[in-house]
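Hello,

Here is the structure we talked about handing over. Please open it first, then read the notes below.

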Amino acid sequence: MDPLIARLTGLTQAHTEFMEVVDQLEPAQRDRPGVCGEWSVQQVVAHLIGWDELFVEFIVRPETFTPPQDVDQFNQRSVENRSGDRWDQLMREMTATFDALRRVVAGVSEEVKIYDRVIAWLDGRIEDYALHRTQIAAWLDQ
């Protein structure tokens, strides 16, 4: 199997598992801090959306893409930019962004210059979704 397709399948599974845990939340739990450091689940979702959007940008416009110089600042901006969003808005954005990411990744072939970097980034996205799923599940079990 193509390594990209294998990782895209893994990312889809990681995203699905993340959403299954998030779907267990009561409304009052969504914005309660302490899931990932001080972040709430809502803030974790905003963080994931930000990175998925950035990944789409990298694939669509690799020649003009500039990676964030400060990951912590990027994370903070992603969270702040969505701080006023209602939960349902955030979930729609997460679904739309993830769907866009799957579409653009599926269009990457081995002949594309950024192929190896896309593979590496997919590994990072899988790890990010798995990490936050585990954190939320542990927080819910407390």
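Phe55, Phe58, Phe65 and Trp121 form one aromatic cluster. Bear in mind that this is a predicted model. By the pairing rule, the count comes to seven aromatic pairs. In the pair of Phe55 and Trp121, the ring centres are 4.7 Å apart and the planes are at 10 degrees, so this pair is stacked. Phe55 sits in helix α2 and Trp121 in helix α5, so the pair ties together parts that are 66 residues apart in sequence. Both Phe55 and Trp121 are buried.

Phe58 and Phe65 also pair. Their ring centres are 5.2 Å apart, with the planes at 65 degrees, so this pair is edge-to-face. The cut-off for that label is over 60 degrees. Phe58 is buried, at 1% relative accessibility. Phe65 is buried too, with a relative accessible area of 12%.

Next, the core. The largest nonpolar core has 44 residues. Phe18, Val41, Val45, Phe55, Met94 and Val118 have the most contacts inside it. The elements that give two or more residues to this core are α1 (3–22), α2 (41–60), α3 (71–81), α4 (87–106) and α5 (115–141). Which of them gives the most? It is α2, with twelve residues. As background, nonpolar side chains in soluble globular proteins tend to be buried together.

Leave aside its neighbours within four places in sequence, and Met94 is in contact with His15, Phe18, Met19, Val45, Leu48, Ile49 and Tyr129. Two of these contacts, Phe18 and Val45, are themselves among the residues with the most contacts inside the core.

Now the loop between α1 and α2. Gln29 has its place there. Is Gln29 buried or exposed? At 17% relative accessibility, Gln29 counts as buried, because the cut-off for buried is under 20%. Not counting residues up to four places away in sequence, Gln29 touches Gln24, Val41, Trp139 and Leu140. Of these, Val41 is also on the list of residues with the most contacts inside the core.

On to charges. A search of the whole structure finds nine salt bridges. One joins Asp52 and Arg125, with the closest N and O atoms 2.8 Å apart. Asp52 lies in helix α2 and Arg125 in helix α5, so this pair ties together parts that are 73 residues apart in sequence. How accessible are the two partners? Asp52 counts as buried, at 1% relative accessibility. Arg125 is buried as well, with a relative accessible area of 3%.

Arg92 bridges to Asp88, with the closest N and O atoms 3.4 Å apart. These two are four residues apart in helix α4, so they are separated by about one helical turn. Asp88 counts as partly exposed, at 34% relative accessibility. Arg102 forms a salt bridge with Asp99, and here the closest N and O atoms are 3.7 Å apart. Both lie in helix α4, three residues apart, about one turn of the helix. Arg102 is partly exposed at 33% relative accessibility. Asp99 is partly exposed, with a relative accessible area of 28%.

Last, a network. Salt bridges that share partners join Asp52, Arg125 and Asp128.

Best wishes

Key: Residues are numbered from 1 along each chain as its sequence is written. This is a predicted model: local features need pLDDT of at least 70, side-chain atom pairs count only at pLDDT 80 or more; totals for chains, interfaces and linings use all residues. Side-chain values use heavy atoms; hydrogens and water are left out. A nonpolar core is a set of buried Ala, Val, Leu, Ile, Met, Phe, Trp, Tyr and Cys residues joined through side-chain atoms within 4.5 Å. Buried means under 20% relative accessible area, exposed over 50%, partly exposed in between (1.4 Å probe, protein chains only). Contact means heavy atoms within 4.5 Å. A salt bridge is a side-chain nitrogen of Lys or Arg within 4 Å of a carboxyl oxygen of Asp or Glu. Rings of Phe, Tyr and Trp (its six-membered ring) pair if their centres lie within 6.5 Å; planes under 30 degrees apart count as stacked, over 60 as edge-to-face and the rest as tilted.
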